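I opened my notebook beside the model today. Here is what I looked up, entry by entry.

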Amino acid sequence: MIVVLLCLFALMGLVQVIKPQLLWRMNRPLQRPFVRDYDATEPTRAGYTMTRVVGVVFLVAVAWMLITHLT
């Protein structure tokens with residue numbers, strides 16, 4: 001069960017690294033009570049770059065947990 005959960009986390013991390021705009025669009029419904037103009041709150045290029053950096057760190061952590069769990 002833990003391996004399946006870690007694989008799902010790895011998939012989410014890959015999406016965060018490869019296509020962070022998709023995660024932002026998927027989270028739009030969560031912004032509804034707080035935001036009137038979604039386009040005005042879209043992250044800048046630097047914001048997407050930071051999201052990718054955090055995604056890489058997240059992937060490294062998930063890979064480490066998978067390796068330690070499987071060995």
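I began with Phe9, which is partly exposed because its relative accessible area is 33% (buried means under 20%, exposed over 50%, partly exposed in between, with a 1.4 Å probe and protein chains only). Before going on, I noted that this is a predicted model, where local features need pLDDT of at least 70, side-chain atom pairs count only at pLDDT 80 or more, and totals for chains, interfaces and linings use all residues. Residues are numbered from 1 along each chain as its sequence is written, and side-chain values use heavy atoms, with hydrogens and water left out.

Next I placed Phe9 in helix H1, residues 2-18 (helices are DSSP runs, H or I, of at least four residues, numbered from the N terminus).

Then I looked at how H1 meets helix H4, residues 45-70: their axes come within 8 Å and cross at roughly 160° (axes are lines fitted to C-alpha atoms, for helices over the stretch in contact, and angles run from 0 to 180 degrees between N-to-C directions). H1 is therefore roughly antiparallel to H4 (the term covers angles over 145 degrees).

My last stop was Pro20, which I found in helix H2, residues 20-26. Pro20 is buried, as its relative accessible area is 2%. I also checked Pro20 against Tyr48: the two are 28 residues apart along the chain, and their C-alpha atoms are separated by 6.4 Å.

Conventions:
Helix = DSSP H or I, 4+ residues; strand = E, 2+ residues; numbered from the N terminus. Parallel < 35°, antiparallel > 145°, perpendicular 65-115°, else oblique.
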